[in-house]
Amino acid sequence: MSESFAAIGLVNPKSPTNVGGVLRAAGCYGAQAVYFNGNRYAKAAKYHTDTKNVAENIPIQQVDDLVSLKVSGRALVCVELVEGAIPLPHFDHPEKALYVFGPEDGSLPQDIVDAADAVVYVPTTGCMNLAATVNVLLYDRMAKRATSFDAAQILTSRDTNNRLIVE
């Protein structure tokens with residue numbers, strides 16, 4: 001069985017807060033990399049918002065062309081509110097995938113959608129924030145792949161100030 005791979009691609013993100021939230025989601029749900037194109041985030045990156053320092057363990061890299069990251073054996077999956085897309089609850093995640101998200105103030109470019117192996121959307125009323133959408137997508141991937149959940153995960157994941165127990 002091949003090893004699972006998930007990476008996030010961001011089209012010209014503008015908000016360092018959202019990119020920080022994307023990095024945190026990547027860390028929480030086991031994504032291996034975050035890529036972005038465009039220059040808006042590169043200019044805003046000095047406003048450090050990666051509060052868990054995930055970038056120390058998960059690379060974030062600026063690339064010219066997100067489609068070039070589509071390599072053999074890795075699906076390119078666009079995530080966008082677009083007609084003809086697959087609702088996320090009905091989507092079977094590939095073993096290896098690059099999930100590409102549009103900018104906060106626009107949509108994915110048509111050439112990226114045309115190159116995609118699948119286009120999915122999160123059924124909502126209205127559109128969600130970029131970081132929230134990445135969280136939902138990665139959670140869905142994890143939830144559909146997980147075979148079990150246990151207390152050990154809670155103990156290793158919770159905040160150091162959380163000692164709450166259900167009795």
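## Basis of the model

Residues are numbered from 1 along each chain as its sequence is written, and side-chain values use heavy atoms, with hydrogens and water left out. The model is predicted: local features need pLDDT of at least 70, side-chain atom pairs count only at pLDDT 80 or more, and totals for chains, interfaces and linings use all residues.

## Helix α4

Helix α4 runs over residues 130–145. Helices (H or I, at least four residues) and strands (E, at least two) are DSSP runs, numbered from the N terminus. The 16 residues of α4 should span 22 Å at 1.5 Å a residue. The expected span is 1.5 Å times one less than the number of residues. The end C-alpha atoms of α4 are 23 Å apart, which agrees.

N129 caps the N-terminal end of the helix. One of its side-chain oxygens lies 2.8 Å from the backbone nitrogen of A131. The buried residues of α4 are L130, A131, T133, V134, L137, L138, D140 and R141. Buried means under 20% relative accessible area, exposed over 50%, and partly exposed in between (1.4 Å probe, protein chains only). The buried residues of α4 pack against β1, α1, β4, β6 and β7.

## Nonpolar cores

The largest nonpolar core has 28 residues. Such a core is a set of buried Ala, Val, Leu, Ile, Met, Phe, Trp, Tyr and Cys residues joined through side-chain atoms within 4.5 Å. I8, L10, Y99 and F101 have the most contacts inside the largest core. Elements giving two or more residues to this core are β1 (5–10), α1 (16–29), β2 (33–36), β4 (75–79), β6 (96–101), β7 (118–121) and α4. Another core, of 16 residues, lies apart from it; among its members are Y35, L76, C78 and A85.

Leaving aside neighbours within four places in sequence, I8 is in contact (heavy atoms within 4.5 Å) with V22, A33, V34, Y35, L98, Y99, F101, V134 and L138.

The structure holds three salt bridges. A salt bridge is a side-chain nitrogen of Lys or Arg within 4 Å of a carboxyl oxygen of Asp or Glu. Side chains of opposite charge can pair when their charged atoms come close.

D140 and K144 form one of these bridges, at 2.9 Å from N to O. Both residues lie in α4, four residues apart, about one turn of the helix. D140 counts as buried because its relative accessibility is 14%. K144 is partly exposed, at 37%. Not counting residues up to four places away in sequence, D140 touches L88 and H93.

R145 and E95 meet in a salt bridge at 3.1 Å, N to O. This pair links distant parts of the chain, 50 residues apart. R145 is in helix α4, while E95 is in the loop between β5 (86–87) and β6. R145 is partly exposed, with a relative accessible area of 34%. E95 counts as partly exposed at 24%.

K70 forms a salt bridge with D117, and the closest N and O atoms are 3.5 Å apart. These residues are 47 residues apart and also link distant parts of the chain. K70 sits in the loop between β3 (60–62) and β4; D117 sits in the loop between α3 (110–115) and β7. K70 is partly exposed at 33%, and D117 counts as partly exposed at 48%.

The D117 side chain makes a polar contact with that of K70 (3.5 Å). Leaving out residues up to four places away in sequence, D117 touches K70, R74, A75 and L76. D117 and A75 are 42 residues apart in sequence, with their C-alpha atoms 5.8 Å apart in space.

A6 is found in strand β1. A6 is buried, because its relative accessible area is 4%. A6 touches A31, Q32, A33, A97, Y99 and R141, again not counting residues up to four places away in sequence. A6 and R141 are 135 residues apart along the chain, and 9.2 Å separates their C-alpha atoms.

Definitions and conventions
A polar contact is a pair of N or O atoms within 3.5 Å; within protein, one must be able to donate a hydrogen and the other to accept it, and residues adjacent in sequence count only if both atoms are side-chain atoms.
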